[in-house]
Structure formats: C-alpha cells, structure tokens
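Hi everyone, thanks for coming. Please have the sequence and the 3D view open while I talk, and we'll walk through a few spots together.

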Amino acid sequence: MRLFFAEIEIGGTSCVCRVFTFFFQRAKYYRPLRRSFIMPDLLVIKRCFLSCLLLLLQTSSSQQDEQSQLLLVSFDGFRWDYVNRVHTPNFHALMDEGVLVEQVENTYITKTYPNHYTLVTGLHAETHGIVANEMYDPIHNRSFSMEGPEVYDAWWWEEAVPLWVTNQKAGRKSGAAMWPGSDVAIGGTYPTHYLRYNASMPFETRVETLINWFSGPEAISFGVLYWEEPDESGHNLGPESPLMDLIIADIDKKLGFLRGKLQTAGLYDKVNLIVTSDHGMTQLSHDKIIELDTYVSRDLYTWVDKSPVVGILPKDGKLEEVYNSLKNANPNMVVYKKEEIPDHFHYRHNVRIMPLIIEVKEGWTVMQDRNGSFMLGNHGYDNSLPSMHPVFVARGPTFRRRYTKASMRSVDLYPLMCSILGLKPLPNNGSLSSVQDLLVNTSNPKPVVSPVPGEPSYAWAVGSVLGAALVIGFLFIFVQQVTQRQHLPLHQSDSEMTQPLL
Ligand SMILES: [Zn+2]
C-alpha cells in the first residue's frame, strides 16, 4: 500500500490503473477475507478516495499552471542588421537574455501578407494561398488587395489554419493585435480576443491590450502583435537614409515599452517573447526603373501585384506573345512561365500564382511607365538575398540564454512555437529539429495537445478518468458496507468454520 500511495503522488494515468487493480484484487479475494482484515482496508479505501480527490484538484490546477505563454511580435520590415546600425539597447538586452538568429530566410515572395501568414502556419505561400499582397483568384474570379475590404473574406485565408485557431481548438486562448488575417473568421473562428485592424491605434495601446489578455485567470497562452514600422518609413525614405536611424531607435524604444509592461505585470520571466519581422528592405534608385510598356502592349495582359515580383495574366491566347516579348527584353529582369519558376522558391503550385511572373534584380523597380508611384525602398525580391531577411531575437523560460544561431527558415518558426505551446503542429513546411537548439532542455518536449476539433484535452481526459475512479470508489464502499451488515453472522460463522480441524 505504501507503494500504491507513492505512485499516486506522482500522478498521471498510471495511478488510476492502480486504483482499478486494487479494487479488482479486493473484489477477487473478498469472500475468503476475514472481518479483522477487511476493516483496515476500508480505511485505506477511504484514504485512496481522498487522495484521488486531492490529485484530481491538483492535476486540474497544475495543467493550467503549466501552460506555456508565447508572444510573437512583428515589426514590419525590420531588417536583420538594423540592430547594429544604431544604439538599440532593448534588442541587445533580448540577445543577452535569450537567442539571436542572424539570418532568417523568409518565404518567397518577400512581401508582408505572404510572410506573416507563413510565420503562423509554417507553410510556403504556394501552400497557404496568400501568395501576394495583391492577388487574383481565377476560380472565384475575384481580386484581393491587402488594402481592400476583401481581406475580411475568409475563403482567401482558408487554404491554411493559423496557429491561434489550432491553439483554441486545443482548449487554449489566443489574442491578436492587428496581425494580418487575425481579424478574419478563418474557418469560422476568430482569435479569442482580437483587435480589428486600425492603423492609427498606437503601439502602446496594442501592447497594453495584449498585457491584459496575458494576465489573470482567463489568460491567453498565445498572442500576436503587429506594428507597421519601420516598413512604412523604409519605403518612403529608403533604408539607407540617415533618417532611418531615428525610426530604428524609435522601434527599440517601443520594444523597451513592451519589456517594461511585461515586467510590471510580472510576465517578463513567464511569457516567451519572440521579436521578428516579415522581411527586410533594400534601397531603390530612379536610375533603376524598367518600363514594361517599352516591351509589350498593356492590352495583352492584366497586371497583378506590384514590383519587384509582378504577376502577369495574359489575355486569352496571348501567353506566348507576352512571354516572348519579355523573355530577353532587359538584363535586369527575368520572366518565368509558371512551370519554370525555380523549385527553391516553392512558388508554383497555386492557382493564384499567375501564368507568368516577372522578377527584377535587387534594387530595380518594374513599372508599366514612369507615371506610376515610385518608392525609395522596397522588398519582395529573392528570399536568398540578405537584404530581404528579417530580425529574429527571442527570450523567455523555454529559450536558451546568450545563444546565437547562424540561420533558420521562417517556416521553422511554426513547429518551434507549437513545441513551446505544447501543441501538435498541423502539416507544415518547417522542421522542429532545425531550430530545437534554440530551446532549453530540447530532450524534454512538453506534452502534446491534440488540435482535433472537439477532442478533449489532456487535463480533461485525466480528470474524467479520475472522476470515474471516484464514483467506482463510492459504489465499492457502499456495497462493501451493506454486504458486511447483511453477512456479519455468516462471517463470524465462517470464521469459526475456517479454523483448521485439529
Ligand atoms: Zn512593405
């Protein structure tokens, strides 16, 4: 019995098995037992019952306490090397307290919407379906612009399931502050808490809202936070402008505000914090503009998306003519038929990828003519270019300290976050083993929680089994006591009869 109680203190399913084993053994040998032996066992059973009740309560509360919390932050367009360009004490504090990944290869095309959806799905754009900021879907015959009301049409997003939905299907809570797609009912599900996109809402308000969601008995376990800078200034000023130093320093101050709020709320050493971005930024020049009208009539095609990777939808029967007009037109531009797009871009297998795509070399801009809007900075280029890579720093209870990793792929972040949250990842293009070295105690992953809709959680299952054991315990004690009262004389008689005949 000492062994029995020792194991019940360890907890888990094995103790429940032992409860059943114990009852089975007692039932099997009940008849021959003498009253003098039964009475102490009743006390033991009552102790078992009380222990089970205590364990049930402890299991329920510890399951809640053990939930890891994770906050994923994106500063749009924060290039990986900005942290060394000006004094950024808050970014460097995170590096000292956690991990730095020097080069993150994001997904092609290196635009905002495709990459933000990659971060929360672990999928390349061709698989999650948000293939560009501006898209055309030939099946639905509908167009998508990240600045249009169609972003709220969930079907655009439903080729994938973002992490906040998976988190909630596992019985957890999520919170989203303006992350692209997070104010859309993807698969009919919004984040538990979310802010509808409003570019004028200050960063500080977004942070304070998230801190509230991370606090209290109904705390979220997973949060996402989006901020529009330094992307906007990078486009307008160009990343090489000295004025960008002020913008980067301001982002560092904003990160300091977030750190301070987490500390004040007592969350700083509890919440795992990942600060990253969707892409970098490169400098453009008025001297590096390609005017497509020079090579092909705009009557022959529809222009989809913007420089530096442009989808071209030729008019019926005009594909070869458009392709041949552009193929060798300019040494700073390449045109691919869809089936020719290089494998390593993972950018071919989706109807929203146009029959032809134009890609220009780094620093170049493609326009129909010079009357179009021109920006001094841009992104979207080949994802192997360092200038397209985002920053990545992280800290928290599950991250190693003062650890620098040379490189990772942004698709690997999704399985890493699932590991931190104890969730079973959905099929994805990432690899946990490629990034597991970022975490402490990589040999001891957290319990996996099934993301299947409606499937009970681990805590629920343990609680249910223990509850059933308690009911059986009650019934057993009740039957035992009734039986004893009915057969007490027989027991006494048996007792005498079972004396050996001498
Ligand atoms: Zn941008």
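Let's start with a pair of helices. The axes of helix H8, residues 203–214, and helix H10, residues 243–264, come within 10 Å and cross at roughly 25 degrees. That makes H8 roughly parallel to H10, since angles under 35 degrees count as roughly parallel, over 145 as roughly antiparallel, 65 to 115 as roughly perpendicular and the rest as oblique. The axes here are lines fitted to C-alpha atoms, for helices over the stretch in contact, and the angles run from 0 to 180 degrees between N-to-C directions. As for names, helices (H or I, at least four residues) and strands (E, at least two) are DSSP runs, numbered from the N terminus.

Before going on, two housekeeping points. This is a predicted model, in which local features need a pLDDT of at least 70 and side-chain atom pairs count only at pLDDT 80 or more, while totals for chains, interfaces and linings use all residues. Residues are numbered from 1 along each chain as its sequence is written.

Back to our pair. The crossing of H8 and H10 is right-handed; a crossing gets that label if the near helix is turned clockwise from the far one by less than a right angle, and is left-handed if anticlockwise. Which residues make the contact? From H8 they are Phe203, Glu204, Val207, Glu208 and Ile211, and from H10 they are Lys254, Phe257, Leu258, Lys261 and Leu262. By contact I mean that the C-beta atoms of two residues, placed from the backbone, lie within 7 Å. Sorted by type, the residues of this contact are six nonpolar, no polar and four charged. In that sorting, Ala, Val, Leu, Ile, Met, Phe, Trp, Tyr, Cys and Pro count as nonpolar, Asp, Glu, Lys and Arg as charged, and the others, Gly among them, as polar.

H10 has another partner to look at. The axes of helix H4 (residues 89–97) and H10 come within 7 Å and cross at roughly 55 degrees, which makes H4 oblique to H10. Here Pro89, Asn90 and Phe91 in H4 meet Asp252, Leu255, Gly256 and Arg259 in H10. This contact divides into three nonpolar, two polar and two charged residues.

Now let's zoom out. The protein chain has 13 helices and 18 strands. Of its 502 residues, 41% count as buried: a residue is buried if 20 or more other C-beta atoms lie within 10 Å of its own, exposed if 12 or fewer, and partly exposed in between. Among contacts between residues at least 6 apart in sequence, 75% join residues at least 24 apart.

How buried is helix H12, residues 413–421? Nine of its nine residues are buried, so this helix is mostly covered. They pack against strand E1 (69–75), helix H5 (112–121), helix H7 (163–169), strand E7 and strand E8 (271–276). After H12 comes Gly422, with a positive phi near 70 degrees.

Two residues have a positive phi without being glycine. Asn141, with a phi of about 55 degrees, sits in the loop between strand E3 (134–137) and strand E4 (142–145). Met178, with a phi of about 75 degrees, lies in the loop between strand E5 (174–177) and strand E6 (193–195). Are they buried or exposed? Asn141 is exposed, with 7 other C-beta atoms within 10 Å, whereas Met178 has 22 such neighbours and counts as buried.

In strand E4 you will find Phe144, which is buried. Leaving aside neighbours within four places in sequence, Phe144 touches Glu134, Met135, Glu150 and Trp156.

Next, the cis peptide bonds. One joins Glu229 and Pro230, with omega about 10 degrees, and Pro230 lies in the loop between E7 (222–227) and helix H9 (231–237). Another joins Ser307 and Pro308, with omega about 15 degrees; Pro308 is in the loop between strand E11 (301–304) and strand E12 (309–314).

Last, confidence. The chain averages a pLDDT of 83, and 75% of the residues score at least 70; pLDDT is the predictor's confidence in each residue, from 0 to 100. Over residues 1–40 the pLDDT is below 50, and beyond near neighbours in sequence this stretch has 28 contacts in the model. Residues 52–65 are also below 50, with 21 such contacts. Where pLDDT is low, the predicted coordinates should not be read in detail.
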